[in-house]
Number of protein chains: 2
Amino acid sequence: MNIRLFIEGDLANGAAIECSRDQAHYLIHVLRLAPGAPVALFNGRDGEWLAHIDAVGKKSAILAVDSQTRPQAPEPDLWLVFAPVKRAPLDFLVQKATELGVSALMPAITRRTVVERVKRERMAANAIEAAEQCERLTVPRIENARPLSQILDSWPAERRILLCAEAGEAAPIHDFLRESGSGGPWAVLTGPEGGFDQTELDALHKFPNVSAVGLGPRILRADTAALAALACWQAVLGDWQNRPPGRH
Amino acid sequence: MNIRLFIEGDLANGAAIECSRDQAHYLIHVLRLAPGAPVALFNGRDGEWLAHIDAVGKKSAILAVDSQTRPQAPEPDLWLVFAPVKRAPLDFLVQKATELGVSALMPAITRRTVVERVKRERMAANAIEAAEQCERLTVPRIENARPLSQILDSWPAERRILLCAEAGEAAPIHDFLRESGSGGPWAVLTGPEGGFDQTELDALHKFPNVSAVGLGPRILRADTAALAALACWQAVLGDWQNRPPGRH
C-alpha cells in the first residue's frame, strides 16, 4: 500500500516534517502506523520524497524525509472554469478533474447558476485527497467563486478557452483539438444546468480566446461535459502520451 | 421544460400508453401536470414521439401519442465492461456512461473485485433516468454481473476491446484510436480498484481482440478511467461529429 501525503513545507534530504492534525490522525489512528513506517510526500514544488514516521504523539506525528523518488516535472496548464453544481456532483467533479490533471479549478457564477454558496475549503480537501491518490506531484489551485463576467474581464491574453455549449454552432471537439496543434495554456469552460443564457453566449462567442466545441448529440450534464472535455484535451494536447511512473 | 419518459410499449400515431405507477406518480404528484400537458416518449425502437396526458387517476395516467418528433437512428455500438465499484460511484458511473452513449453495461467480477453484490435493477433505473434526461433514443442494456473469464469466453469475434490498465505496455489512447480507423463494435474494459491481477492481465494481453491503451501518467480511479476512455472513443470513433438535435 502506497501512502502519499500532500504537505505545505519544503522537502529536502533530512528534513523533519510535522504533519497536520488530520494527517496525524489518519496515520496513527486510521492506518495504525508505527514509527519507521514509510510515507511518500509531495508539496507541488520539490517532487516526491520517501519519508518515514519518526515519532508519534497522541495527536501529532513527525516525518523524517529520506530521499527523492521523483523530481518535480512540468504539467499541462489547463484550467477548469465551471458553473458550480450541487454538493455531491461538485465533490465528484473536483476529485475527477484533479485526477484528469487540471491545474486550477475556478467556479464561475452565471445567470442561471442555482448553487450560490461554494465551499472553497471542501473543494480544496477533495482536490488534495485526489492528488494524493492519483500520484500527482501538485494540487490544483482552487479559486473563490466569482461572476463569469469578472473572470473574463481579467482573462490572460494567451490562454485559450474550450467552450462546451449544447446550443449554437460548435466544432466537434476532436477535430478542433487536432487542428489546434500545440499545447500552451488552455481552459475548459462549462455552464450551469440549463446552460448559459443567450446574452452570456453572445458575449462568449465575441471573446477572442473562446472556441465552442461539441461533445456529441446527447445533452450531457454539466459535470459530465467538463470531465469529457478535460479527458479529450489531455488525450490530444496534454500529457497522455506518458504512462504512470514506476509501474511495469 | 422538456419532460421525457422511457416506456416499454410500441409508439405510433394515436397509440394510448399506460404509464408505470412510478411515472404516473412523477407526472401527477411531483410535476403536478394536468390532462393536456405534453410529454416526450421513447422506447429504444420507434424514435421520439410527442404525446399528451389524456387521463389521470390517483395512481395512473394514460398518455395519448400525437406525432413523431425524431426517427430512430443508428447509435454507436460501444459496451462498457467494468469491475463494479462501490454504490455511490456505481450510480454515478451508470448515469455518466449512459450520457456518454454506451450501448451495454456489463459488470465483470475480477479477482480483486471487492463489491460482490451488484443491483441490476438499481443500475437499470439510473440508466433510464439518464437516458430520459440526455435525450437518447435508447436505454443501454444492463447485464448481470459475471466473472470476467466467463464474459471473455463468449466474446463476439468482431468486437474489439480497449483495455484501460495502469501497468504494462500501452499505446496512448488518442494515437491508438486515430490509427484504428473506423467504428464497428467496440468495448471499453476497466479493472477494479487495485487493478487486474497479473494472471488476468496475461490472459487479456493474449486475447486477440484486446488492445491496451494509456490514459496518461496519473493513476485514475476505475470510474474516472471508464468515463475518460468512453469520451475519447466517442470523440474519435463515435458520434461526436453530431450536435444535439433541435437546438440553435
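Tutor: Before the numbers, a quick definition: a helix axis here is a line fitted to the C-alpha atoms over the stretch in contact, and angles run from 0 to 180 degrees between N-to-C directions. Bear in mind that this is a predicted model.

Now to the pair itself. Helix 2 and helix 7 of chain B pack with their axes 10 Å apart, at an angle of about 5°. Angles under 35 degrees count as roughly parallel, so helix 2 of chain B and helix 7 of chain B are roughly parallel to each other. On the helix 2 side of chain B, the contact is made by Pro89(B), Phe92(B), Leu93(B), Lys96(B) and Ala97(B). Helix 7 of chain B brings Asp223(B), Ala226(B), Leu227(B) and Leu230(B) to that contact. Sort the residues of this helix contact by class and you get seven nonpolar, two charged and no polar ones.

In all, 39 residues of chain B are in contact with 39 residues of chain A. By class, the side of chain B that touches chain A has 20 nonpolar, ten charged and nine polar residues.

What's across the way? Chain A has seven helices and 13 strands, and 42% of its 248 residues count as buried. Its C-alpha atoms fill a box of roughly 60 × 35 × 30 Å along the principal axes.

Chain A also has an open sheet of five strands, ordered 1-3-4-5-2 with mixed pairing. Strand 1 (4-6) and strand 2 (16-18) of chain A stand at the edges with a single partner strand each, so one side of each has no neighbour in the sheet. On average, neighbouring strands of this sheet are turned by 40° against each other, direction ignored. Within the sheet, strand 3 (residues 38-42) and strand 4 (residues 48-56) of chain A pair in the antiparallel sense over five bridges, and Leu41(A) stands opposite Trp49(A) of strand 4. Helix 1 (residues 21-30) of chain A packs on the sheet, touching strand 1, strand 4 and strand 5 (61-70) of chain A. The direction of helix 1 of chain A makes about 90° with that of strand 5 of chain A.

Note on methods. Residues numbered from 1 in each chain as written. Chains lettered and ligands numbered in written order. Predicted model: local features only at pLDDT ≥ 70, side-chain atom pairs only at ≥ 80, totals over all residues. Pairing = 2+ DSSP bridges. Helix = DSSP H or I, 4+ residues; strand = E, 2+ residues; numbered from the N terminus. Contact = placed C-beta atoms within 7 Å. Nonpolar A, V, L, I, M, F, W, Y, C, P; charged D, E, K, R; others polar. Buried ≥ 20, exposed ≤ 12 C-beta atoms within 10 Å, placed from the backbone. Parallel < 35°, antiparallel > 145°, perpendicular 65-115°, else oblique.
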